[in-house]
Amino acid sequence: MTRRAVGELYDTAFNAAVLDRRLASIWSTPPGLWGALSTVDHKIIGRRYITTAFVFLALGGLLSLLMRLQLAQPEARFIGPDRYNQIFTMHGTNMMFLFAVPVMQAMAIYLVPLMVGTRNIAFPRLNAFSYWIYLAGGLLLWVAFVLDTGPDIGWFAYVPLSGPQYAAGKRADIWAQMITFTEVSALAVAVEIVVTVFKQRAPGMSLDRIPLFVWSMLVTSFLVILAMPAIMVASTALILDRLVGTHFFNPAEGGDVLLWQHLFWFFGHPEVYIVFLPAVGMVSTIVATFTRRPVFGYLGMVMALIATAVLSFGLWVHHMFVAGLPRLGESFFTASSMAIAVPAGVQIFCWLATMWAGRPIFKTPFLFVIGFVVIFVIGGLTGVMVASVPFDTQVHDTYFVVAHFHYVLVGGAVFPLLGAIYYWFPKLTGRMMSEPLGRWVFGLIFAGFNLTFFPMHILGLRGMPRRIYTYQPEMPWSGLNIFISLSAIILAIGFLLFFIDAIRSAKSGPVASGNPWGATTLEWATSSPPPPYNFARLPVVGSLKPLTDHPGALPVASGLRVDRRELLVSSVVQALPEAREPSSEDSIWPLWAALATTATLIWSIFTPWAVVWGSIPIAVALIGWFWPKGVAEDES
């Protein structure tokens, strides 16, 4: 067959079995180590992201148990002050930068292309690069900790304590460079998600037919793009102050220590919603599936997502009420902090209305949703409390704040995430997790969490400050602290059972059917787990619940080539087919680019000349990445 004839092969020319074989031959990842290192399949990369993020969750959980062991009794000597500072810094940094944000984006990497009906994510090589950079940043942080050079400045790294005057050595530099790794990774994924959602949706999937999880990830991606540069600017300025001798945060030379807090929290409070908004999409999906009806108020839910994102940029001074800012300015941020409860309330009532009007099926994913509603409402109420300047002044830097943000972040993100893992586990692995064990997991985590963190509100009201490694016996805290530490063991057992269930089920769990939950979104229109090409022929969407409208077989679109990887490009609003676009082949160059970038960033901790010399291998890797391959573009 001639090259020209091969170039004219389209999916309309083959029956289903032959088409599957043909597509598998061009979309499959080659076997062996080379294929594993060069793959650009969004499903493989998504699974790697999810697995790595949960490893970091387990490590962060172990650190929290060490802290609770130290605080269980007054004047304990289990951990010294220096190591304790490293542990609480590592715990917060690990959970926020290496788990919470990456795991939400990881779920999107795997699910969004399937839910919008395309064969791969946009910019698949950038996707591979983002994972390698994320992994390198995590390894940098944890290797430093193992070598006793882990950061000890808190996950917030306030200056001047993290500046050159007070933080000698390389601990603060390692923290700042780890930020660069994780934020580059997050920005890359955000761009991919935005382009995938806007330009690669299945024909007919107009904006008012996008699943709520996809909407949540689209809004989250814009949050990442707008908020993450602030922390990258802050961490870069900190590195320059420490390594080059600039004075961004040195008041004696015209700098300003509050500049750090403004930059950090301008990113830090939207980050809470970068973690929470994907959970909103997960909850909406699970509620719709297990109540057997669409989520009540689809338009209201979408508007609430957007409103939350917009308002989140007006909250950062919420964290600075005791920093000595003008009282008039603080009043505006108090108003914004309270106003953001409105869209959250809209979402809660939409879910409750859906449950009320539906026929709930209380499987494990739905149980985690119920737990989320209870815990997040408590966290939201305490959030309104600390939005008040007089109250916040009293409880600032106490365990009341620790309790509040754990109720918001764990209740608002981890509970929906665990429900989502149980829900999409068949799609990820082709197997089901244990329902009886899942109920035990939910019960232990729900009870353990509330028994651990609710008493911290009382500790805070009794005046116990956070970030202390010990306390005196005469303080009225010892009884609650030992109760909290024992309760943390219950929580840890619940997570241990979850990991055991996930690992066991991935290897030998019951084989899942194509759509075990009777869901209505497109990811369940293909096999579980999906083939390398996701869909043999792209589905055509006519409503919010395409699988319910077409229980037999979905209408499909054809016309894509089968001699090379090709995607359908659609219009932004109506998702009308516009063009056919080649999709990247597997490549080792994203890995080489990540390795070159990693070496440059780590080297720059010791000398600024690394930026100059490190640009050479980075340039070589990028040239190899983008070098023209001589494949003619399709002009039709």
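Which helix supplies the largest share of the nonpolar patch? The largest share, 5 residues, comes from α20. The structure is a predicted model, in which local features need pLDDT of at least 70 and side-chain atom pairs count only at pLDDT 80 or more, while totals for chains, interfaces and linings use all residues. Residues are numbered from 1 along each chain as its sequence is written, and side-chain values use heavy atoms, with hydrogens and water left out.

The nonpolar surface patch covers about 970 Å² and is made by Trp-589, Trp-592, Leu-595, Trp-603, Trp-609, Val-612, Trp-613, Ile-616 and Val-620. Patches are made of residues with over 30% relative accessible area and no salt bridge, nonpolar side chains (Val, Leu, Ile, Met, Phe, Trp, Tyr) being joined within 5 Å and like charges within 9 Å; accessible areas come from the Shrake-Rupley method with a 1.4 Å probe, and for residues only the protein chains shown count as cover. Both α19 (589-603) and α20 (609-626) supply at least two residues each, and Val-612 has its place in helix α20. Helices (H or I, at least four residues) and strands (E, at least two) are DSSP runs, numbered from the N terminus.

Helix α8 (residues 212-243) takes part in two helix contacts, described here by axes that are lines fitted to C-alpha atoms, for helices over the stretch in contact, with angles that run from 0 to 180 degrees between N-to-C directions. The axes of helix α7 (residues 171-199) and α8 come within 8 Å and cross at roughly 155°, and the two helices are therefore roughly antiparallel to each other. The axes of α8 and helix α10 (residues 298-312) come within 10 Å and cross at roughly 15°, so that α8 and α10 are roughly parallel to each other. Angles under 35 degrees count as roughly parallel, over 145 as roughly antiparallel, 65 to 115 as roughly perpendicular and the rest as oblique.

The structure holds 19 salt bridges, each being a side-chain nitrogen of Lys or Arg within 4 Å of a carboxyl oxygen of Asp or Glu. One of them joins the side chains of Arg-83 and Asp-148 (2.9 Å, N to O). Because Arg-83 lies in helix α5 (residues 81-116) and Asp-148 in the loop between α6 (124-146) and α7, the pair ties together parts that are 65 residues apart in sequence.

In the loop between α6 and α7 lies also Pro-160, and the peptide bond from Val-159 to Pro-160 is cis, with omega near 5°.
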